[in-house]
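Student: I would like a close look at one part of this protein. Please take me through a single sheet, strand by strand, and then a few residues elsewhere.

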Amino acid sequence: YCYPLTVFDAHSRYVLACAGHASVEQYGALGEFGRLFHEYGLPRAIRTDNGVPFATQAICGLSRLSVWWVKLGIRHDRIEPGRPQQNGRHERVHRTLKAETARPPKRDMATQQTRFDAWQTEFNDVRPHEALGGAVPASVYVTSMRPMPATLPEPEYPAHFEARYVSRCGTFKFKRRQIFLSQTLSEEWIAFEEVADGVWSLHFYDVLLGRLDERDFKLRT
């Protein structure tokens, strides 16, 4: 099997990556996005579907990949489940990619990647796009002004927030209770803000994870 990870700029239609992977596991995606962020800078937001490696069953659908994006100040814009039309431009790119590079598929991963690379160059630099007034994506695309930082920024919570450290097994202590959150957020700092008597909003960087009520100590998203 070959799972192509494709990343493109919705404004210019410029394809930043078309990389074949043997699976959809997160580590290949982490490496690919790391390369892209160093080369092209950080986007303000990334839109994806709800599949692996972008989302999981953890709180707020967070995955290791999306947690990393949050720490980099990138908003993860997930489409609604079962609504691929909300990412229609990307779906069209995928259909074109499959029709022009994988029918029939190549004999091995290296040969398939060579075909992907040639297709990406043609799509970006040669093929005019009607939505761009006949221009090619490479003539429209502009890299981000936000560089990839050398180190990940730590969360900066307001002084009235109560910060808690999530253990390696995904739990945290609050009001003498040990509460499970998610292993996806293990060894991260979260913070609580009291928004009503005994009701606390739970934050991870700028993401609202849910609310915790002291009456039953259940976290509601």
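Predicted model: local features only at pLDDT ≥ 70, side-chain atom pairs only at ≥ 80, totals over all residues.

Tutor: Five strands make up an open sheet. Their order is β5-β8-β9-β10-β11, and they pair antiparallel. Which strands stand at the edges? They are β5 (162–165) and β11 (218–220). Each has a single partner strand, so one side of each is left without a neighbour in the sheet. From one strand to the next, the twist averages 35 degrees.

Strand β10 covers residues 207–213. Three bridges join β10 to β11, and the two run antiparallel. Arg211 stands opposite Arg220 in β11.

Thr184 sits in the loop between β7 (177–180) and β8 (189–196). Is Thr184 buried or exposed? Its relative accessibility is 13%, so Thr184 counts as buried, the cut-off being under 20%. What does Thr184 touch, leaving aside neighbours within four places in sequence? Its contacts are Thr56, Ala58, Leu62, Ser63, Arg64 and Val67. His76 is 108 residues from Thr184 along the chain, and their C-alpha atoms are separated by 15 Å.

Ala110 belongs to helix α4 (residues 109–125). With a relative accessible area of 56%, Ala110 is exposed, because exposed means over 50%.

Note on methods
Residues numbered from 1 in each chain as written. Heavy atoms only, no water. Helix = DSSP H or I, 4+ residues; strand = E, 2+ residues; numbered from the N terminus. Buried < 20%, exposed > 50% of the residue type's maximum accessible area, 1.4 Å probe, protein only. Contact = heavy atoms within 4.5 Å. Pairing = 2+ DSSP bridges. Axes fitted to C-alpha atoms, helices over the stretch in contact; angles between N-to-C directions.
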